[in-house]
Amino acid sequence: MVNEMDAGFTLPRGATGFFVPKDGPLPSTDLRVFRTALYAAARVVEGRVGEIEVQAYPRTFHTASIIDRTGESVVLCHAHHPWIAFAQARRDWYAEEFLPPPSWASAFAAAGLVVLRSEQLATPLSDMDTSMLVQGEWRHIRAYGITTLGGALFNAWS
């Protein structure tokens, strides 16, 4: 079973990758948990783990892939919260290019990561509780024309 968040969840501190230094560092998703889940998922499909790109500024997420006989599936892992998403291609940022979780996404949920559905990621920010976002985050959201949850979570602000 895939873990799911309600469409109206609150975007917590760190969701956009921005932080105010006086508030301290952002939380961090355990990269070892993500890697372990990747290998478990690859075993499920009798495939292999492709390249793993660790998050680097200004991106807010790690990128990896699972390669099986049907091709390559791109897996995104938010760097600050344990959220997983799927995409067709590797990019530095995403807006609405998310794919539905594949059947083997349950390997990520079993590892304690939250698998997001493409419908959730396409949810307009206006339907979210954004009360935790600070002015600087909104400035970037508006400047980049971000309108969806996925765009706010999986981005590369510069």
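Modeller: Helices here are DSSP runs of H or I with at least four residues, strands are runs of E with at least two, and both are numbered from the N terminus. By that count, Ser-126 lies in the loop between helix 3 (118-121) and helix 4 (135-143). This is a predicted model, so local features need pLDDT of at least 70 and side-chain atom pairs count only at pLDDT 80 or more, while totals for chains, interfaces and linings use all residues. Residues are numbered from 1 along each chain as its sequence is written, and side-chain values use heavy atoms, leaving out hydrogens and water.

The part I'd pick is strand 2 (residues 61-68), where seven of the eight residues are buried (under 20% relative accessible area; exposed is over 50%, partly exposed in between, with a 1.4 Å probe and protein chains only). Strands pair if DSSP finds at least two bridges between them. Strand 2 runs antiparallel to strand 1 (residues 48-49), with two bridges, and Val-49 faces Ile-66 there. Eight bridges link strand 2 to strand 3 (residues 71-78), also antiparallel; these two strands make a hairpin with two residues between them, and Asp-68 is partnered with Gly-71.

Now the loops. Between strand 1 and strand 2 sits Pro-58, joined to Tyr-57 by a cis peptide bond with omega of about 10°. Glu-46, in the loop between helix 1 (31-44) and strand 1, has a positive phi of about 55° though not a glycine. Most residues other than glycine have a negative phi, and most peptide bonds are trans. Glu-46 counts as exposed, because its relative accessibility is 67%.
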